[in-house]
Amino acid sequence: KKIFQSLNYILNRKKINNVIIGYDTRSSRKYIIDVIIKNLTSIKKLEILKQTISTPGLQYISKKRKAYGIMITASHFSHQYNGFKFFLLGKKINKSFERSIQENLNKYMVVKRYNKKIIKINDNVYFNYINKKFNFSINANVLVDCANGSAAGFYKKIKFLKNLHFVNTSYLKNKINHKCGSNFLNKNLKKSNYQKKDFCIAYDGDVDRVAISEKKYGVIEAEKMALIFVKYLSKKKKIKSITTTEIANPWLTEKLKSKNIKLYFSKVGDRNVINLKKKTKSSLGFETSGHFCFDNFMDGLYASGLFLEILKYEPKIIYGVLSQEINYQKKVYALKKKYIKNLQVFLK
């Protein structure tokens with residue numbers, strides 16, 4: 001309640017009158033939507049999508065409609081958790097915007113109130129964008145795990161998924177991410193229905209990340225996925241650089257160096273990767289968790305579409321990269337500040 005009351009002040013200051021709400025399959029969204037309706041009073045119009053949408057889908061709609069977007073999701077966490085992601089004109093809100101909301105949580109502010117219109121809408125602009133970008137269908141022995149999440153509500157609208165095999169497509173039983181999806185792909189590969197497929201594609205609850213496996217190889221590392229994308233895209237246009245986080249395996253640096261492609265490293269966090277991608281004008285950004293960024297937002301559906309396009313037209317690229325050995329190891333440890341000095345003394 002306090003968060004959305006505080007948000008009133010910021011939206012009013014930025015003269016934003018239209019807010020769009022998207023959500024995944026968690027039933028608790030109804031409670032959060034009620035809280036938003038009651039407490040977001042500084043806007044003239046509140047639009048609520050009639051069907052589930054992915055986080056990148058809501059982000060794209062926010063961009064096209066020039067609106068403020070609220071995605072109700074807890075991403076890859078289980079159904080008992082929920083939360084929200086905020087987007088302004090298609091971009092994740094920056095840290096100063098976040099601080100403004102936090103700083104005003106306990107302040108009483110007089111903001112002009114409107115009798116806002118509440119409209120339920122169908123908006124297919126994101127699905128049209130994806131279908132135009134990947135205008136093909138593929139007959140392949142591929143399983144798609146929708147994680148009982150956002151993808152379960154819209155996968156039938158996606159052209160490149162049309163002829164594939166689907167599991168975990170329930171969006172009514174509150175089983176989002178329950179022993180399924182990208183978090184559980186490694187374990188589920190032991191199941192017979194997964195083992196029978198040449199490839200498995202697993203989304204997380206809000207489809208901003210994806211994990212992909214090959215029958216003999218297992219789950220493909222994000223670094224190898226990035227290399228597959230680079231090899232394919234570089235046939236269409238020159239790629240000068242890509243971005244990732246500082247915990248990515250340095251094996252990829254060596255592979256890209258031979259192609260005269262620079263690899264830039266950011267701090268961990270999708271916003272950091274995207275900002276660095278824009279700054280360096282890189283063709284691709286990714287996190288090792290399975291987030292891939294092409295059009296300046298992390299999109300698991302886009303990444304899977306590109307992967308299937310490669311599988312359809314250039315499968316040798318995929319198998320060529322999978323045959324390569326990752327011969328670097330890198331371990332990263334998170335330490336509390338009070339222990340760092342002790343560690344430094346010990347190492348010295």
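By class, 3 nonpolar, 4 polar and 1 charged residues make up the lining of the largest cavity. The structure is a predicted model.

- A search of the whole structure identifies 1 cavity of 30 Å³ or more.
- The volume of the largest cavity is about 30 Å³.
- Residues Leu49, Gln51, Thr52 and Ile53, together with Asn122, Asp123, Asn124 and Phe127, form the lining of the largest cavity.

**Largest pocket**

- The lining of the largest pocket comprises 26 residues, and those nearest the pocket centre are Lys91, Lys92, Ile93, Asn94 and Arg271.
- Two or more lining residues come from each of the helices α1 (2–13), α3 (55–65), α4 (95–103) and α11 (270–280), and from each of the strands β4 (84–88) and β5 (91–92).
- Helix α11 provides the largest share of this lining, with 5 residues.
- Sorted by class, the lining of the largest pocket consists of 8 nonpolar, 9 polar and 9 charged residues.

- Leaving aside residues up to four places away in sequence, leucine 161 is in contact with Val144, Tyr155, Phe166, Tyr203, Leu301 and Leu308.

**Cysteines**

- A disulfide is a covalent bond between the sulfur atoms of two cysteines.
- The closest cysteine sulfur to that of cysteine 180 belongs to cysteine 146 and lies 9.4 Å away, which is too far for a bond; the cut-off applied to a pair of sulfur atoms is within 2.5 Å.
- Cysteine 180 has a relative accessible area of 1% and is therefore classed as buried, the limit for that class being under 20%.
- Cysteine 293 is likewise buried, and its relative accessible area is 0%.

Key:
Residues numbered from 1 in each chain as written. Predicted model: local features only at pLDDT ≥ 70, side-chain atom pairs only at ≥ 80, totals over all residues. Heavy atoms only, no water. 1 Å grid on protein atoms, 1.4 Å probe; cavity = no way out; pocket = protein on both sides within 12 Å on 5 of 7 lines; lining within 4 Å. Points joined across faces, edges and corners; volume = space filled by probe spheres on them. Nonpolar A, V, L, I, M, F, W, Y, C, P; charged D, E, K, R; others polar. Contact = heavy atoms within 4.5 Å. Buried < 20%, exposed > 50% of the residue type's maximum accessible area, 1.4 Å probe, protein only. Helix = DSSP H or I, 4+ residues; strand = E, 2+ residues; numbered from the N terminus.
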